[in-house]
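My entries follow in the order in which I looked things up.

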Amino acid sequence: MHSYSNRPISKAGLTTILNNPFYTGLIQLRKTRESFEGVHEPLISRALYDAVQMVLRGRRAGTVPLRYDFVFKQMVRCGNCGKHLIGEKQKGRYIYYRCHGPACAGTCISEAKLDAVINGTLARFRFAPEDFKDLRDVVERLKGDESAERAKREQSLRLKLGNFDVRLARLTDALIDCLVDKEEYEERRSALLAEKRYIVEALESLNTMPGNHDTIMRSLELAESASLRYKIANPVEKRDLVRATCSNSTVTGKKIEITLRSPFSELANLTSSWNCDPTGNRTPVSSVRGMRPSL
Ligand SMILES: [Zn+2]
């Protein structure tokens, strides 16, 4: 394609042409962006112009994404070298993730297999309704315990805070009575004030810090719905769910290993112990009290 002066049209020139609605019959003023209907014959339809605009902005007409969204991009590592596996499409429809590390030629896994293993991992949290109710009850009781503990800690911190004024007054008396010199007085005063600041901050964080029970309750609710949600999730939602529940996913050879985050790992162990113990001795639901969520 050539310009009036018979020179090849540059990329920038082509962009200007494609972005100009003139060819649809409109005249747009460059300065004010005002549009008027021209008297000239349109060269292209408005629909074609709009479709071109979408492509220029990275979207194809309609809802089909321009590129395949690899569900597990940046999510699965090679167990051999630690690099992220890279998604690739084979024969136009089969999705694989492969390690491009120089010594890991055999590390390659299909998306379908990864998807099935993650789905199976999330399915480990399926609680029977009565178990779920018991777990919730335990977490509710934990909330009560935590509130009591928090109140006790607050009381002790406030008591310490109240003592500071007395300690400062004593120090000032010591200076007046010449029991300490000015330098020592300043040093001890500054140490006292720093200590006081720590206590004020500890008091503030007591009120803003979420309790363990909050996190465990949220995790419990997420765990309970994770498997169902995963089945109907789009790629973005799948990645969010995996990030929320799993800390690590690796592929070594053909073996997939998924490590769950706390408290999901403990919840999964709990349900496994219930389902697998032939003697019927169940780990008590109350063990959720000891969970230390890493979220
Ligand atoms: Zn590797």
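**Notebook: sheet and helices**

I first looked up the open sheet, which has 3 strands in the order β4-β5-β6 with antiparallel pairing. Strands are DSSP runs of E with at least two residues, helices are runs of H or I with at least four, and both are numbered from the N terminus. Two strands count as paired if DSSP finds at least two bridges between them. I noted β4 (86-90) and β6 (108-110) as the edge strands, each pairing on one side only. Neighbouring strands of this sheet are turned by 30° against each other on average, direction ignored.

I recorded the basis of these entries: the model is predicted, local features need pLDDT of at least 70, side-chain atom pairs count only at pLDDT 80 or more, and totals for chains, interfaces and linings use all residues. Residues are numbered from 1 along each chain as its sequence is written.

**Strand pairs**

I then examined β4 and β5, which pair in the antiparallel sense over 5 bridges. Glu88 has Tyr96 in β5 as its bridge partner. These two strands form a hairpin with 3 residues between them, and Lys91 in the turn has a positive phi of about 50°.

For β5 (residues 94-98) and β6, I found antiparallel pairing over 3 bridges. Tyr97 stands opposite Ile109 in β6, and Arg98 has Cys108 in β6 as its bridge partner.

Angles run from 0 to 180 degrees between N-to-C directions, and axes are lines fitted to C-alpha atoms, for helices over the stretch in contact.

How do α3 and α6 pack? I noted an angle of about 150° between helix α3 (residues 111-123) and helix α6 (residues 212-232), with their axes 7 Å apart. The two helices are therefore roughly antiparallel to each other, a term for angles over 145 degrees. I looked up which residues meet: Asn119, Leu122 and Ala123 in α3 with Ala226, Ser227, Tyr230 and Lys231 in α6. Contact here requires C-beta atoms, placed from the backbone, to lie within 7 Å. By class, I recorded 4 nonpolar, 2 polar and 1 charged residues in this contact.

Conventions: Parallel < 35°, antiparallel > 145°, perpendicular 65-115°, else oblique. Contact = placed C-beta atoms within 7 Å. Nonpolar A, V, L, I, M, F, W, Y, C, P; charged D, E, K, R; others polar.
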